[in-house]
Amino acid sequence: MSCRVLLVTDSDAFAGTERHILDLAAALSAEGHEAHVGCPDGTPLARRTAAAGLTHRAVSRGTRAGVAALRMARRHGGYDVLHAHNGRGLLMSALAAPSRGGPALVTTRHFIRLSREGRRGPKRWASAALHGWLNRRLDATIAISRAVADAAVAAEPAIRSRLQQVSNGIASPTPLSPADLGPLGVAGGDTRVLLTVARLEVEKQVGLVIEAARRLVDDGGPPFVWLVAGDGAQRDPLERATRSAFGDRSPLRWLGRRGDVPALMTAADVLVHPAPDEPFGLVLVEAMAAGRPVVAGRGGAAPEIIEDRVTGRLFRPGDAASLAATVADVLASGEDGRRAMGLAGRDRFARYFTAARMARQTAAVYDQAIRHAGGRSRNRRTHRGGLPGSPSVGLES
């Protein structure tokens, strides 16, 4: 059945989570549901929501103002589901929704490790008490990968009965012409093009590509250039390390933030992702959709996405020698080998990682959550102090 859902975050950034919200809202709408995006005014997500022709509801960043805004949105929107995508968004949604007769409360867990899990002392106790209350209020929790689902259950076993895995998905890409790489110093011909797309932050371990590139050069393999698209706090240290390693003859090009990543991907021979334990990694799926083989660390969700030696290759996380050897193997497979991996990746994307599939499975979770919320309301008087039990929905295989 169709439903009305408000996707909630108070984030003012635009990264993987916000991209997921936008893609999910568009895909749910295409499937016949009414999906609105609740986020602060003036944020990149708010602007992109409007540009996509979707409905935006303003949600303030402050908890009190955010709760008031969500209560107003709930009253005027007639939502069946409030779907929160970050911690404060979940808290505001729980406070804004009545415990009886209100919309179902759903959250998506986007990370393997949550910041609150590192708290100690009184802060840890207070956080555990608050999230215990939130978990009792929730009608469903979605994990974006098996890696995230396993980490969630390990940290909070009680959530297992209402936890579903729904892998991220993206819209099918529009065919593009490859980017003109001449201005980037790519000579063409026999020069192979490696591409890394990542935020330049410590946890992404992008510095690994510098040592891997040095090993590839020292081993005397085919000529290559390694494009790195992205920005972040580590950009200056990474550029200094590159100059130290290669001087003026570096195969690495630090491109900063780019608006033409799909075209760059079309021009690349291989997508290389050095992060050790991504909770999902949308760029892996984007490369597969573009028909490009992927090299990624054997950690986090990457082994769920990449079929090793079929759609790409996996290397030992954090190991530059393993990364270099794995990239060298993919390059040595030749154009035919890389094309075969790319075609297999495109097929795997179409079967498992489309936005339409994500929307259908998320809508099925909503349906269960709405039924659970109805049971919670009917049984409130006989379950004083907690929620009634719900049938186990298990984890998607």
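The turns below concern salt bridges, helix crossing, backbone angles and a surface patch in this predicted model.

Q: How many salt bridges does a search of the whole structure find?

A: A salt bridge is counted when a side-chain nitrogen of Lys or Arg is within 4 Å of a carboxyl oxygen of Asp or Glu. By this criterion, the search of the whole structure finds 25 salt bridges.

Q: Which parts of the chain does the salt bridge between Glu34 and Arg4 link?

A: The side chains of Glu34 and Arg4 meet with an N to O distance of 2.5 Å. Glu34 belongs to strand β2 (residues 34–39) and Arg4 to strand β1 (residues 4–8), so that distant parts of the chain, 30 residues apart, are linked by the pair. Glu34 is partly exposed at 34% relative accessibility, and Arg4 is also partly exposed, at 24%.

Q: Why are Arg339 and Glu335 separated by about one helical turn?

A: The reason lies in their positions: Arg339 and Glu335 are about one helical turn apart because they are four residues apart in helix α13 (residues 334–352). Their side chains form a salt bridge with an N to O distance of 2.9 Å. Arg339 is partly exposed, with a relative accessible area of 41%, while Glu335 is exposed, with 54%.

Q: At roughly what angle do the axes of helix α3 and helix α4 cross?

A: The axes of helix α3 (residues 63–77) and helix α4 (residues 87–96) cross at roughly 55 degrees and come within 8 Å. The crossing in which α3 passes α4 is right-handed.

Q: Which value does phi take in Gln205 and in Arg309?

A: In Gln205, which is not a glycine, phi is positive, near 50 degrees. Gln205 lies in the loop between β8 (192–197) and α7 (208–218), and it is partly exposed with a relative accessible area of 30%. Arg309, likewise not a glycine, has a positive phi of about 70 degrees. Its place is in the loop between α11 (302–305) and β13 (312–315). Arg309 counts as exposed, at 59% relative accessibility.

Q: Which residues form a nonpolar patch on the surface?

A: To belong to a patch, a residue must have over 30% relative accessible area and no salt bridge. Leu95, Leu130 and Trp133 form such a nonpolar patch, and together they have about 230 Å² of accessible area. One of them, Leu130, is in helix α5 (residues 121–137). Leu130 is partly exposed, with a relative accessible area of 34%.

Note on methods: Residues are numbered from 1 along each chain as its sequence is written. This is a predicted model: local features need pLDDT of at least 70, side-chain atom pairs count only at pLDDT 80 or more; totals for chains, interfaces and linings use all residues. Side-chain values use heavy atoms; hydrogens and water are left out. Patches are made of residues with over 30% relative accessible area and no salt bridge: like charges are joined within 9 Å, nonpolar side chains (Val, Leu, Ile, Met, Phe, Trp, Tyr) within 5 Å. Accessible areas come from the Shrake-Rupley method with a 1.4 Å probe; for residues, only the protein chains shown count as cover. Helices (H or I, at least four residues) and strands (E, at least two) are DSSP runs, numbered from the N terminus. Buried means under 20% relative accessible area, exposed over 50%, partly exposed in between (1.4 Å probe, protein chains only). Axes are lines fitted to C-alpha atoms, for helices over the stretch in contact, and angles run from 0 to 180 degrees between N-to-C directions. A crossing is left-handed if the near helix is turned anticlockwise from the far one by less than a right angle, and right-handed if clockwise.
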